[in-house]
Amino acid sequence: MADLMTGLHRSHYCGEVEGVGNEVTVGGFVQRVRDKGSLIFIDLRDRTGIVQLVFDDTTAEDVFSKAKTVKSEYVLMAKGTLRSRESINTEIKTGGVEIIVNELRILAKSQTPPFEILDNTNVNEELRLKYRYLDLRRNKLQHNLIMRSKIAKAARDYFYENGFIELETPMMMKSTPEGARDYLVPSRIHEGKFYALPQSPQIYKQLLMVAGFDRYIQLARCFRDEDLRADRQPEFTQIDMEMSFVDVEDVLQIGEGFVKRIMKSVMDIDYPTPLPRLKYNDAMAMYGSDKPDIRFDMTITDLSDIVKDSGFSVFSDAVKDGGSVRGIVAKNAAGSLSRKEIDKQTEYVKGIGAKGLAYIRWVDDAPNCSFGKFMAEGELDGILSALGCEKGDVAFIVADKNKIVLPVLGALRLKLGKQLNIIPEGMSFLWITDFPFFEYNDETGHWDAMHHPFTMPNDDCLQYLDTAPEKVFAKAYDLVLNGVELCSGSIRITDYELQQKMFEALGLTDDEIEAKFGFLVNAYKYGAPPHGGMGIGLDRLTMLLCGADSLRDVTAFPKIKDASELMSECPASVDEEQLKELHIKVTE
């Protein structure tokens, strides 16, 4: 039978005991027991760290006997005197002291856990997720979740200080098109009708601006039914904000202040502002990505003008067909990127849409070029000069439509950066601005919106809405950290007539507009201040600041790739009576 806590109250956390000679009381889980016969050491662990408990020939017999029964992961409370350790452990905060115990309580016993609670573990992740409550005892995961808490607090403090009001928006709302599939909740009362879990609080926070709450903030739970990956979960939290009487610059300044506060509060880094900015088209042209990692160079070079009349038809035909020929250079990589390695890179780019990969590998006096025999005299020298390719380097070139060339080279750039270990440590924030308003859909032959339909076009682009959609750019912006999109935002359309025009440009009928957005459109008829905002991914920000590999490492109870949760085994079937109440029948 477990002991009671009566009379014992924790005075210190395990990792925070101090004051040699003081009497302290600690509680926690048993990390390790070392029984040397007449001497017992127990490492006791809580979320702050580990402290060593000692039982020796000065310990009362009943206390010593009880210590003899203790095993890994038992829950204990121990009271005793803090003393200096003879053998200092430099790997833990309390490695210079230990507690000579005079009172011990076993509050809960533990079966042998399915895996040992260690920070550096090789245990299969699925097993750890099945026993997530045990996995969460590991210091690494506890550190990550505590970091998440610190970021959330710092965010609230920052926005409160800047006049923002924290308001909650509904968790069950009307289904509206926002880019991903909704999670639907059937209504018991309204037969055949459904609520949707919010992909974001977008419409509600705009309505709060109409209502006069000119600065809104919320740590909002969002839900998207989409395929998972390392930096995506079906449910996530975003630090959501909206402001009235602002334009792009105002929102970016608030965002930069947030970055500065978080980096100082959580990382103790004085991060410099203003943050660098790149327009979308420039980011794509230089890095092949709208979320580039700018910590390393290897930028993309356009070779189209140089090779447009080349004897190598792969190059010249691509340019004639309206595409381009572009390349990147891996500096000093000829030794690492053998011909066999280059073949692997070729297979990689073919797997993501490229037809092939031309290369120049310069090891000896003359470069080895996969297309050299097609080059006229001087043409290769022009390519090398444009690329800045020198002896010891390897260049990679892709020719095709821009929508293939740029993302392929962008992905190859990132792959090479990791493979060659040339991406430095540290944090690098970047704004991406001036996104295209529309993107052309080859399958339908129409221009589709790149953003939600309330995004404001740039003022100087309004004239092209009907005649040249490719010239319309949005008052939209993303915040990127180390090649990961942290936030997306925009200035919103508030002019009723312009909003109707945007709906028409997107091909929405009056009935569709009314069914999906009628309540917002009607609200605008009563006067809406200019407003804009953004949502910053709390999970992704935490993941990057912790140096974690996956959102699962910063989420208490995450889902796996098939959107299931192994510990509770959800999603799960429900009984027929529940389905009947909801007017639902499940069919195979």
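Biologist: Which residues form a negative surface patch?
Modeller: The model is predicted. In this model, a negative surface patch is made up of five acidic side chains by name: Glu-504, Asp-510, Asp-511, Glu-512 and Glu-514.

Biologist: Which helix gives the largest share of the negative patch?
Modeller: Glu-512, one of the patch residues, is found in helix H14. That helix spans residues 510–524 and contributes 4 residues to the patch.

Biologist: Is strand E16 largely enclosed or open, and how many of its residues are buried?
Modeller: Val-394, Phe-396, Val-398 and Asp-400 point one way from E16, and all are buried. Ala-395, Ile-397 and Ala-399 point the other way and are buried as well. Buried means under 20% relative accessible area. Strand E16 (residues 394–400) is therefore largely enclosed by the rest of the structure, with buried residues numbering 7 of the 7.

Biologist: How many bridges join strand E13 to E16?
Modeller: Strand E13 covers residues 324–330 and runs antiparallel to E16. Within this pairing, Arg-326 stands opposite Val-398. The number of bridges is 7.

Biologist: Which residue stands opposite Ala-395 in E16?
Modeller: Strand E14 (residues 358–361) is also joined to E16, by 4 bridges, and the two run antiparallel. Ala-395 is one of the buried residues of E16. The residue opposite Ala-395 is Ile-360.

Terms used
Residues are numbered from 1 along each chain as its sequence is written. This is a predicted model: local features need pLDDT of at least 70, side-chain atom pairs count only at pLDDT 80 or more; totals for chains, interfaces and linings use all residues. Side-chain values use heavy atoms; hydrogens and water are left out. Patches are made of residues with over 30% relative accessible area and no salt bridge: like charges are joined within 9 Å, nonpolar side chains (Val, Leu, Ile, Met, Phe, Trp, Tyr) within 5 Å. Accessible areas come from the Shrake-Rupley method with a 1.4 Å probe; for residues, only the protein chains shown count as cover. A salt bridge is a side-chain nitrogen of Lys or Arg within 4 Å of a carboxyl oxygen of Asp or Glu. Lys and Arg count as positive and Asp and Glu as negative; His and the chain ends are not counted. The place of a charge is taken as NZ of Lys, CZ of Arg, CG of Asp or CD of Glu. Buried means under 20% relative accessible area, exposed over 50%, partly exposed in between (1.4 Å probe, protein chains only). Two strands pair if DSSP finds at least two bridges between them.
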